[in-house]
Amino acid sequence: MGTTPLRNVNTPRPTPMRTGDSSWTVLHPVLEKPYHSAHGALDESRHVFLRAGLEATGGGHVRVLEVGLGTGLNMLLAWVHCLDNKGTVHYTALEPNPLHRSDIEPLQHCTAVGYPERHEQFLQLMCAPEAVEHPVEGGFTLLQLRTPIEQYEACDAFDVVYFDVFAPSAAPELWTLEVFQRLHKAMAPGGLLVTYCAKGVVRRTMQAAGFAVERIPGPPGKRHMLRARKGSVATMQHDPST
């Protein structure tokens, strides 16, 4: 989760925060919001983005767009997906306001996902130069961009979108019809968009942008989440709230 500015260099840095599943996140010093669910950072990332997103595509090679790289946990799980020989991934991450290495290092994400030996390589990936593709073992490639989603342009380029920005109450400018129209255009036909948010206004905005939207069970601490498809409503599970 990310993309909300830390204002300026004099702003206090994020502070580590242990979550309900014993994994770690950070607390944004301006918004005073955690980058992941307080109920469980790792549980949320696995449930919302890996299982409901990447693994649900059913593809051998998947093109992922993440809006809000944050601490890199979602990206790391996609890399682990490749290391576990479950497919290959080209991962594009939009993060205009990246965290510092010193913010990420104490979180020990690699230990949490069972790959402690990848800790230094993960940190190098997170701090790698932007706009350059960085391939690593397992068939995973990371491309970081500092472009805000409000300015990003792509067409039919992604199989799944991880929409992991701060909540509408904290960053309403990122949950607009224009943003979801940009994402709809950026996705390949049949592509999936997943987010932890399940608000009715967000669902209706996605629908207005052309998505078929379903509300599915959420991670620990949340009853529901949203998953949207660029395609026919007939291909989606019925959502009784629509």
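User: Which residue is the bridge partner of His-134 in S6?

Analyst: In S6, His-134 has Leu-142 as its bridge partner. This is a predicted model, in which local features need pLDDT of at least 70, side-chain atom pairs count only at pLDDT 80 or more, and totals for chains, interfaces and linings use all residues. Residues are numbered from 1 along each chain as its sequence is written, and side-chain values use heavy atoms, with hydrogens and water left out.

User: What makes S5 and S6 a pair, and in which sense do they pair?

Analyst: Two strands pair if DSSP finds at least two bridges between them. S5 and S6 have four bridges, in the antiparallel sense, so they meet that definition. The strands themselves are DSSP runs of E with at least two residues, and helices are runs of H or I with at least four, numbered from the N terminus. S5 and S6 form a hairpin with three residues between them, and Gly-138 in the turn has a positive phi of about 95°.

User: How do you know that S4 also pairs with S6, and how many bridges join them?

Analyst: Six bridges join S4 to S6, and the two strands run parallel. Within S6, Thr-141 is the residue opposite His-90.

User: Why is S6 called mostly covered?

Analyst: Six of its six residues are buried, a word that means under 20% relative accessible area, with exposed over 50% and partly exposed in between (1.4 Å probe, protein chains only). Phe-140, Leu-142 and Gln-144 lie on one side of S6, and Thr-141, Leu-143 and Leu-145 on the other; both faces are covered.

User: What makes S5 and S9 edge strands?

Analyst: Strand S5 (133–136) and strand S9 (212–217) each pair on one side only. They belong to an open sheet of eight strands with mixed pairing, in the order S5-S6-S4-S3-S7-S8-S10-S9. S9 pairs with strand S10 (residues 224–229) in the antiparallel sense over six bridges. Arg-215 has Leu-226 of S10 opposite.

User: What packs on this sheet, and which strands does helix H1 touch?

Analyst: Helix H1 (residues 41–54) touches S3, strand S4 (88–94), S7, S8, S9 and S10, and its direction makes about 155° with that of S8. H7 also packs on the sheet, touching S8, S9 and S10, with a direction at about 0° to that of S10. Axes here are lines fitted to C-alpha atoms, for helices over the stretch in contact, and angles run from 0 to 180 degrees between N-to-C directions.

User: Why is H1 called oblique to H2?

Analyst: The axes of H1 and helix H2 (residues 73–83) come within 10 Å and cross at roughly 55°. That makes H1 oblique to H2, because angles under 35 degrees count as roughly parallel, over 145 as roughly antiparallel, 65 to 115 as roughly perpendicular and the rest as oblique.

User: Which residues of H2 make the contact with H1?

Analyst: On the H2 side they are Leu-73, Asn-74, Leu-77, Ala-78 and His-81, and the H1 residues include Phe-49 and Leu-50. Contact means heavy atoms within 4.5 Å.

User: How do you know whether His-81 is buried or exposed?

Analyst: His-81, in helix H2, has 8% relative accessibility and therefore counts as buried. Leaving aside neighbours within four places in sequence, His-81 is in contact with Leu-50, Leu-54, Glu-55, Lys-86, Gly-87 and Val-89.
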